[in-house]
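Q: I am new to this structure and would like to learn how to read the places where its parts meet. Could we go through them one at a time?

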Amino acid sequence: MTHPDFLWRNPDPRPAYDVVIVGGGGHGLATAYYLAKNHGITNVAVLEKGWLAGGNMARNTTIIRSNYLWDESAAIYEHSLKLWEGLSEELDYDLRFSQRGVLNLAHSPGDVREGRRRVNANRLNGVDAEWLDADEVKKFCPVINVSERARYPVMGATLQRRGGIAKHDHVAWALARKADAYGIDLIQGCEVTGFEITGNRAVAVHTSRGRIAAGKIALASAGHTSVLAAEAGIRLPLQSHPLQALVSELLEPVLDCVVMSNAVHVYVSQAHKGELVMGAGIDSYNSYGQRGAFHVIEAQMAAALELFPIFSRVRVLRTWAGNVDVSPDASPIIGRTPVDGLFVNAGWGTGGFKATPGSGWVYAHTIAHDEPHPLAEPFALERFTTGALIDEHGAAAVAH
Amino acid sequence: MLLIDCPHCGPRDENEFRYGGQAGIAYPETPASATDAEWAEYVFLRDNPKGWFDERWFHVHGCRTWFTLRRHTVTHEIWNP
Ligand SMILES: Cc1cc2nc3c(=O)[nH]c(=O)nc-3n(C[C@H](O)[C@H](O)[C@H](O)COP(=O)(O)OP(=O)(O)OC[C@H]3O[C@@H](n4cnc5c(N)ncnc54)[C@H](O)[C@@H]3O)c2cc1C
Ligand SMILES: [Zn+2]
């Protein structure tokens, strides 16, 4: 068997580009792809300090859904979900996108009210949503414990049937291959260390591989956005936290949907290969360490066993953490910055994988036209001053 | 798990504490005349350094004292003067 061809070139940086994207995770790659595809802008470099998609893109648990509460969120996440539905074909790569349904469990009368409200809000926004009572939950997902005697009994759930999972590495590789084919330079091992600003305009980046001039500079650096923005003299309402996840040993197929619970605080799916993939909330403190504490894992395992006693003897194979950029209202920050020619797309925190194509789409538009895409406009930095927050703590609480 | 030295109780496990974010955030001195930008700064903007960070911790499952700790956000090392 021969080794397959490389999917992209590994070029050295050129001295200047029309657009320089800082960060080669999912969002940076999707932005590059849509800059070329939708706007014909191909004189673009994606600068990545490590290797492509080795950050949160490689570490997330790949849950995709669009059942957010507020109109602004429903619009952008649903746009993304619609893109997912055609993406394997468009990128000519099997992304293992599997619309197996996402359950968000309710464990208290308050959860039930909030869940029903969200179902109605979703439907008004054209997002598919159903309310299931406990019996229907049991039918949809037979391995869940819906006993009334559980510490936090399952009282019902929202179901988004079009939600599901995809294979994150395939997504990154497919986007990278297409961006490369358009002539975009994907430059690895190239860390941005500062910006050259003349007047109030960003004109170049300084990197570990020298100065690179840029017509426009677009941050797509997830957990490191604050550090980079500070180099341009900008303070952003972001805090970086570890977010952990884990996989079990490989099992026969046993769980064919995604189950999330804010109250018991865990979410679980079974990957195509057979491992259970689980995660929960962030570690409480600020950190860039890409690792978290074991008691957080322990708590999420306890939660998982509460919901799935059947997994009590399953062994954990691997745990890890990413570095997520959390915003005050659990919504992203997309758009221009106080420095001309410098754009930001950050704050996706614990839930940006699902937004990969949608985020790239609206960010590319924002960069190309120098003004926000209509779907991105409500997510501008100014909302923290005007007070027009998009508070998704309810829909995003356990993350993802 | 961090081992956090509570000024009142001594070294205790991290999960006895609640995190309080950046230390030294003062309420606006003249709230009635603070601008929207000043409110945004006070309510939403916090430092997010990669390195040493002065932060608040609350010994919620102990003496219930708030105190300030200096901790490194990459190594998680706690400053020991
Ligand atoms: C454990 C975990 C589970 C998650 N689960 C889900 C989920 O189920 N569903 C969901 O929707 N989302 C989930 N997320 C969130 C999702 O992974 C992120 O929101 C999303 O990946 C962020 O966008 P990105 O892919 O561009 O980030 P990243 O892949 O982190 O890309 C940012 C890149 O910028 C690079 N960079 C940083 N600084 C510099 C610099 N100075 N110079 C050059 N490059 C730089 C980094 O090396 C990195 O590669 C999860 C995250 C984690 C950590
Ligand atoms: Zn104490």
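A: Contact means heavy atoms within 4.5 Å, and by that rule 24 residues of chain B are in contact with 22 residues of chain A. This is a predicted model, in which local features need pLDDT of at least 70 and side-chain atom pairs count only at pLDDT 80 or more, while totals for chains, interfaces and linings use all residues. Residues are numbered from 1 along each chain as its sequence is written, chains are lettered from A and ligands numbered from 1 in the order in which they are written, and side-chain values use heavy atoms, with hydrogens and water left out.

Q: How much area do chain B and chain A bury between them?

A: The size of an interface is often given as the accessible area lost when the parts come together. Buried area is the accessible area (1.4 Å probe) that two parts lose on being put together, summed over both; here chain B and chain A bury about 2100 Å², with 52% of it on carbon and sulfur atoms. On the chain B side, B:Phe44, B:Asn48 and B:Lys50 lose the most area to chain A, together 32% of what that side buries.

Q: How many salt bridges are counted between chain B and chain A?

A: A salt bridge is a side-chain nitrogen of Lys or Arg within 4 Å of a carboxyl oxygen of Asp or Glu, and the count between chain B and chain A is two. One salt bridge joins the side chains of A:Arg235 and B:Asp47, at 2.8 Å from N to O.
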